[in-house]
Amino acid sequence: MNQKLREAFARCPEAAEALEKLKAGNARFVAGKTQELPRDSARRESLAREGQYPYAFLLTCSDSRVVPEFIFSAGLGELFVTRAAGNVLGTSILASAQYAAQDLGAKLFVVLGHSQCGGVKATLSGEELSGALAHMGQRIRAGIGRETDYLRAVELNARAEAADLAARLLKYCPEQTLVVVPAVYDIETGSVRFLED
Ligand SMILES: [Zn+2]
């Protein structure tokens, strides 16, 4: 783990605990041990009565193979999830992140890219992206620069969006209250690699 992240986690131990929880949940998913997820009626009723306190915010791609609650073996009320093609930030994603930080008290924010991402592929191919897709392509291009290696581009995109999310959240929240981490999901093996270097 790099020095900056280590310091951020030291300032915010709840975020470090949340990261360990995500890693443990992902290990269970990879091992196929996901049958005990808390989503029964007792859980629903208690969340309705007491409100939600998700321990992590997730920005992932909309890809149907990337489902955070499955990937991290999480039940109802555990993850605050936003999704957008190419896992890029936009106004509604930022509003959700701000809400998660300010009102729900989420401490860990993860930007999760993934292998075989169509958004990154389309951007790398250089094809003209029209309409609303242009915004996605511009953000990915800004994040990956001149990178041509596909998997490296997925990683750079997640890193760039995480850095931008961190900078924007700082406007609303004191630095020591949250940690933003990029990660990459392998859609074949099911494992998540947190980019902590
Ligand atoms: Zn994708």
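Which residue in S3 does Thr 60 stand opposite?

1. Thr 60 stands opposite Leu 112 in S3. This is a predicted model, and the points below should be read with that in mind. The strands S1 and S3 pair in the parallel sense, and five bridges join them.

2. The sheet comes next. Five strands form an open sheet in the order S2-S1-S3-S4-S5, and the pairing is mixed. At the edges are strand S2 (79-83) and strand S5 (192-194), each of which pairs on one side only. On average, neighbouring strands of this sheet are turned by 25 degrees against each other, direction ignored.

3. Helix H8 (residues 150-169) lies across S1, S3, S4 and S5, and H8 runs at about 160 degrees to S4.

4. H2 also has a helix partner. Helix H1 (residues 3-11) packs with H2 at an angle of about 110 degrees, and their axes are 5 Å apart. Angles of 65 to 115 degrees count as roughly perpendicular, so H1 and H2 are roughly perpendicular to each other. On the H1 side the contact is made by Phe 9, Ala 10 and Arg 11; on the H2 side it is made by Pro 13, Ala 15, Ala 16 and Leu 19. By class, this contact of H1 with H2 has six nonpolar residues, no polar residues and one charged residue.

5. The model also holds a metal site. Cys 61 (SG), His 114 (NE2) and Cys 117 (SG) coordinate the zinc ion, at 2.1 to 2.3 Å. The spacing of these donor residues in sequence is C-x52-H-x2-C. Cys 61 and Cys 117 are 56 residues apart, and the pair links distant parts of the chain. Cys 61 is in the loop between strand S1 (56-60) and helix H4 (68-71). Cys 117 is in the loop between strand S3 (108-114) and helix H6 (118-125).

6. Cys 61 has a relative accessible area of 5%, so Cys 61 is buried. Cys 117 has a relative accessible area of 1%, so Cys 117 is buried as well.

Conventions. Residues are numbered from 1 along each chain as its sequence is written. This is a predicted model: local features need pLDDT of at least 70, side-chain atom pairs count only at pLDDT 80 or more; totals for chains, interfaces and linings use all residues. Side-chain values use heavy atoms; hydrogens and water are left out. Donors are N, O and S atoms within 2.8 Å of the metal (3.2 Å for Na, K and Ca); water is not among the atoms, so sites may look incomplete. Helices (H or I, at least four residues) and strands (E, at least two) are DSSP runs, numbered from the N terminus. Buried means under 20% relative accessible area, exposed over 50%, partly exposed in between (1.4 Å probe, protein chains only). Two strands pair if DSSP finds at least two bridges between them. Axes are lines fitted to C-alpha atoms, for helices over the stretch in contact, and angles run from 0 to 180 degrees between N-to-C directions. Contact means heavy atoms within 4.5 Å. Angles under 35 degrees count as roughly parallel, over 145 as roughly antiparallel, 65 to 115 as roughly perpendicular and the rest as oblique. Ala, Val, Leu, Ile, Met, Phe, Trp, Tyr, Cys and Pro count as nonpolar, Asp, Glu, Lys and Arg as charged, and the others, Gly among them, as polar.
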